[in-house]
Amino acid sequence: MDALEILSNLDNVFPYFQPIFSADEQLIIAYEVLGRYISEGNIISLGPFFQDQGIPDEYKFEVDMLIVRKALDKAVDLEEEVSIFFNRSVDLLMYESGEPFLNELLQYEKKGLSLKRIVLEISIQNGQGETLHQFEHLLHYYRTYGIKIALTNIGSTGHFERIIKLEPDILKISLEALRSTATGVNFHDVLFTLSLLARKIGSTLLFEQIEMSYQLQFAWKNGGHYYQGFYLQPPAGEFLTRDFLKSRLKEKFHDFISYEKRKIEAFFLTTKHFQAKVQEILMKNKRLEYEELLHVISKELDKAAFRMYICNEDGFQTSANFFKEQHGWVKQDEYKDKNWSWRPYFLANIIKMRDEQKGILSDLYRDIESGEPIRTFSYPINAHEYLFIDIAYDYLFEHDQLL
Ligand code: CA
């Protein structure tokens with residue numbers, strides 16, 4: 001795209017708006033402003049113009065300010081509950097110390113547009129000493145006016161320290177990676193971590209680039225409060241009524257909820273199944289030594305389990321491991337006396353079992369040794385000891401509502 005053509009035809013520059021929806025009310029809560037240019041009847045994105053390192057910042061700033069003004073001219077008529085998201089690169093944000101942009105916003109505040117409705121979309125930056133410091137300082141200054149910060153382009157790894165330091169109001173996460181099933185599994189784990197982080201630091205999760213139903217379902221299931229993407233609504237030149245997608249979103253949620261409830265019911269049924277089975281075996285084999293007992297259980301649960309052992313309430317293993325190899329179950333004495341109290345949820349689960357005198361089926365997690373997704377069923381076998389049965393992936397796969 002020719003930068004000079006754009007600069008000499010500024011009348012052809014205008015904003016597009018892509019709505020952002022909320023999960024709780026199923027209403028439009030904001031629009032992201034996107035730069036567009038009309039050339040010989042074709043509407044093209046100004047994204048490449050803004051990303052082009054060869055175009056001087058003052059040109060970009062001039063075009064950007066025009067889009068900001070045109071967007072805000074329209075936005076003053078919007079309902080007060082609707083926010084406006086602007087994409088800010090570091091260069092755009094830092095241009096002339098950020099003063100002209102802020103002054104522009106303040107003009108619109110006089111016209112009744114509260115700056116609390118302005119959200120700046122910022123990419124997380126790699127550390128660059130002084131610039132980074134000034135950048136963070138500027139963000140802090142903007143926030144004193146009520147302007148909000150949404151962090152975007154959060155990489156798949158690291159950056160946690162930077163995210164925590166910036167305390168963004170919103171974490172904006174693209175679901176584009178979810179389109180390929182190859183990266184899907186790891187991406188799920190990363191997202192789970194991000195959703196925990198968001199919860200800890202009080203950020204709202206916004207999922208963008210939702211282009212298919214299952215991506216919306218994923219966003220809903222993973223703590224997404226806000227949604228954006230072509231599947232919901234592509235960018236356009238005009239605003240929409242806030243509730244124009246409400247009934248469709250409600251229908252989608254109804255499907256997601258039914259599906260999830262079925263999975264949770266399956267989870268409880270399976271817990272009860274293992275509970276009854278183990279109880280029955282224990283009743284019949286009261287006098288057996290642990291290793292004989294594990295031998296009996298391994299026979300009874302041969303199809304479901306691949307590893308079992310007994311621990312005391314401090315997490316020290318009081319039996320050997322019984323482990324299913326290709327040709328049958330083997331006893332692994334070297335596991336005796338190992339301690340598992342350091343594992344996530346271990347002690348909490350022990351206390352829960354002791355308190356309720358009931359077994360627990362764990363969440364899905366990756367086995368350290370096999371790398372496969374598994375679950376563990378644990379059960380209090382007496383006042384001080386607990387039986388752990390690792391459920392094989394193949395069994396969970398056959399009962400796919402457990403995956
Ligand atoms: Ca954006």
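1. In this predicted model, the second largest pocket has a volume of about 1100 Å³. Its lining comprises 39 residues, and those closest to the pocket centre are Glu32, Leu34, Gly47, Gln51 and Asn87.

2. Several secondary-structure elements each give two or more residues to the lining of the second largest pocket: the strands E2, E4 (83–88) and E5 (118–123), together with the helices H2 (47–51), H3 (57–75) and H4 (90–94). The largest share, six residues, comes from H3.

3. Glu40 is placed in the loop between strand E2 (28–39) and strand E3 (42–45). Strand E2 also contributes to the lining of the second largest pocket. Because the relative accessibility of Glu40 is 79%, and exposed means over 50%, this residue counts as exposed.

4. Glu167 is another non-glycine residue with a positive phi, here of about 45°. Where does Glu167 lie? Glu167 is found in the loop between helix H7 (160–166) and strand E7 (170–174). The relative accessibility of Glu167 is 52%, so Glu167 counts as exposed, the cut-off being over 50%.

Methods. Residues are numbered from 1 along each chain as its sequence is written. This is a predicted model: local features need pLDDT of at least 70, side-chain atom pairs count only at pLDDT 80 or more; totals for chains, interfaces and linings use all residues. Side-chain values use heavy atoms; hydrogens and water are left out. Helices (H or I, at least four residues) and strands (E, at least two) are DSSP runs, numbered from the N terminus. Buried means under 20% relative accessible area, exposed over 50%, partly exposed in between (1.4 Å probe, protein chains only). On a 1 Å grid over the protein atoms alone, a cavity is a set of points where a 1.4 Å probe fits but cannot get out, and a pocket is an open set with protein on both sides within 12 Å along at least five of seven lines; lining residues have an atom within 4 Å of a point. Grid points are joined across faces, edges and corners, and a volume is the space filled by probe spheres set on the points.
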